[in-house]
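Open the model in your viewer and keep the selection tool at hand.

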Amino acid sequence: MYNFEYKNPVKIIFGKGQIAKLRGELPQNQKILLLYGGGSIFRNGVYDQVKSALEGFPMLEFGGIEANPTYETCMKAVEVVRQEKVGFILAVGGGSVLDAAKFIAAAAMFEGSDPWDILTGKYSQPIAKAIPIGTVLTLPATGSEMNGNSVISRKSTTEKLAFSSPVVMPRFSVLDPECIFSLPDRQVANGVADAFVHVMEQYLTFPVNAPLQDRLAEGILLTLIEEGPKILAFRNDYEAAANFMWSATMALNGLIGQGVPQDWATHGIGHELTAFHGIDHGRTLAIVLPGVMKSMRAQKEAKILQYGERIWGIASGTIPERIDQAIARTVDFFESLGIPTRLPDYEVGSETIDRICQRFEVRKSRLGEHGDIDFRVVRAILEDRL
Ligand code: NZQ
Ligand code: ZN
């Protein structure tokens, strides 16, 4: 196992009826900005619950954060935060609203010249400060409620970039599984796929004798495989919703990735599919992961075999046969959730592959746990998905 330092200060308030506890978590004397997305919180009653918990608090609202939040919209919120001297941001929604809150919080107090540099990495110093944030999560998927990551898209340049900083980790996150009863099938499926691939990015690399991390990762994968279909079949299954929600948080709160190699190539490539075509994040991962498994089968052999055996019970056959089966079972799982896994299913063809590879070539990107996925390997991965 590798050396590591791990600190996760996010307070989780989990369960039915817990939104009412917001009152005890928010600062009394600061202006609070309630940040939300396209309006789902008005339709499912979450807005009303938040408003009644916050009665009497000085508050203003900013809505309209898009799925795959844009830099352009976030910068409008930054203006409001500065003008109104907002002291706390309460993000209510899915990963997009939470990620937007993190970027707004950092951009409003940014000491460099252009906040976009937070995302490009041009601003090389660690981010010094951010407005504190808290969250009410309505879509289990990203783990944003318990990590310091944020992914922002810029319309004008069709880029989608991420940053990570401990200063934007939420002070608290309220996770009420009942909030997800209103999710459409597509978002449930996306969330299951996203959480599944978060685990795979931290697990499907090479062995470093970390059996606890492996078993934690496998526990999350098995739980998602069991619970995902239950929620798709019956949206108001509270127990399944609770297990799904906690699995998605655990998939990307940093715990399972400590002391082990990590990949993140599937995400890196997937972000480009969203940047160019607006494909939902979870779906891009279901497209790309099978290609990564195929192209990197030699480097990942030991872990693919372990994954195949412990997750899908594949224990016989030659090594190449077992790897093929593990990839096929992974594809079947995504498809069983209702997620198409090939590029033409999204009307994406070889032109997009050229554009993505060109981008990776210019950026000199080297993805994967060995840093050996360059633009040529990205091409092989994506051509496999045609
Ligand atoms: O905008 P509203 O009206 O709220 O509707 C949203 C949105 O249309 C809707 N929704 C959310 N909760 C709902 C609901 N509809 C009904 N009932 C509810 N309870 O679902 C749609 C999608 O929401 P969004 O927040 O975009 O989805 P998700 O949580 O999957 O977030 C995706 C974003 O997170 C980033 C992705 O790249 C993408 O931009 N990620 C963030 C990560 C992180 N912070 O660590 C890691 C991930 O790998 C990922 O990259
Ligand atoms: Zn993801």
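**Stop 1: the two domains**

The centres of domain 1 and domain 2, taken over C-alpha atoms, are 26 Å apart. Select 11–179 for domain 1 and 185–383 for domain 2. These bounds come from an automatic or database domain assignment.

Before going on, note that this is a predicted model, where local features need pLDDT of at least 70, side-chain atom pairs count only at pLDDT 80 or more, and totals for chains, interfaces and linings use all residues. Residues are numbered from 1 along each chain as its sequence is written, chains are lettered from A and ligands numbered from 1 in the order in which they are written, and side-chain values use heavy atoms, with hydrogens and water left out.

Now show the interface. Here 25 residues of domain 1 touch 22 residues of domain 2, contact being heavy atoms within 4.5 Å. About 2000 Å² is buried between domain 1 and domain 2. Carbon and sulfur atoms give 65% of that area. Buried area is the accessible area (1.4 Å probe) that two parts lose on being put together, summed over both.

**Stop 2: S96**

Select S96, in helix α5 (residues 95–108). Helices here are DSSP runs (H or I, at least four residues), numbered from the N terminus. Beyond neighbours within four places in sequence, S96 contacts I65, E66, A67, N68 and P69. Then pick V151, which lies 55 residues from S96 along the chain. The C-alpha atoms of S96 and V151 are 7.9 Å apart.

**Stop 3: α10 against α11**

Select 265–277 for α10 and 281–295 for α11. Their axes are 8 Å apart, and the packing angle is about 130°. That is why α10 counts as oblique to α11. Axes are lines fitted to C-alpha atoms, for helices over the stretch in contact, and angles run from 0 to 180 degrees between N-to-C directions. Angles under 35 degrees count as roughly parallel, over 145 as roughly antiparallel, 65 to 115 as roughly perpendicular and the rest as oblique.

The α10 and α11 crossing is right-handed: the near helix is turned clockwise from the far one by less than a right angle. Show side chains next. From α10, T266, H267, I269, G270, H271, L273 and T274 meet H281, T284, L285, I287, V288, L289 and V292 of α11. The contact of α10 with α11 holds seven nonpolar, seven polar and no charged residues. Ala, Val, Leu, Ile, Met, Phe, Trp, Tyr, Cys and Pro count as nonpolar, Asp, Glu, Lys and Arg as charged, and the others, Gly among them, as polar.

**Stop 4: α10 against α14**

The crossing is right-handed. Look for G268, I269, E272, L273, A275, F276 and H277 in α10, which meet T352, R355, I356, R359, F360 and R363 in α14. Six residues of the α10 and α14 contact are nonpolar, three polar and four charged.

**Stop 5: α14 against α15**

Which way does α15 run relative to α14? Select 350–363 and 375–383. The axes of α14 and α15 come within 9 Å and cross at roughly 155°. The two helices are therefore roughly antiparallel.
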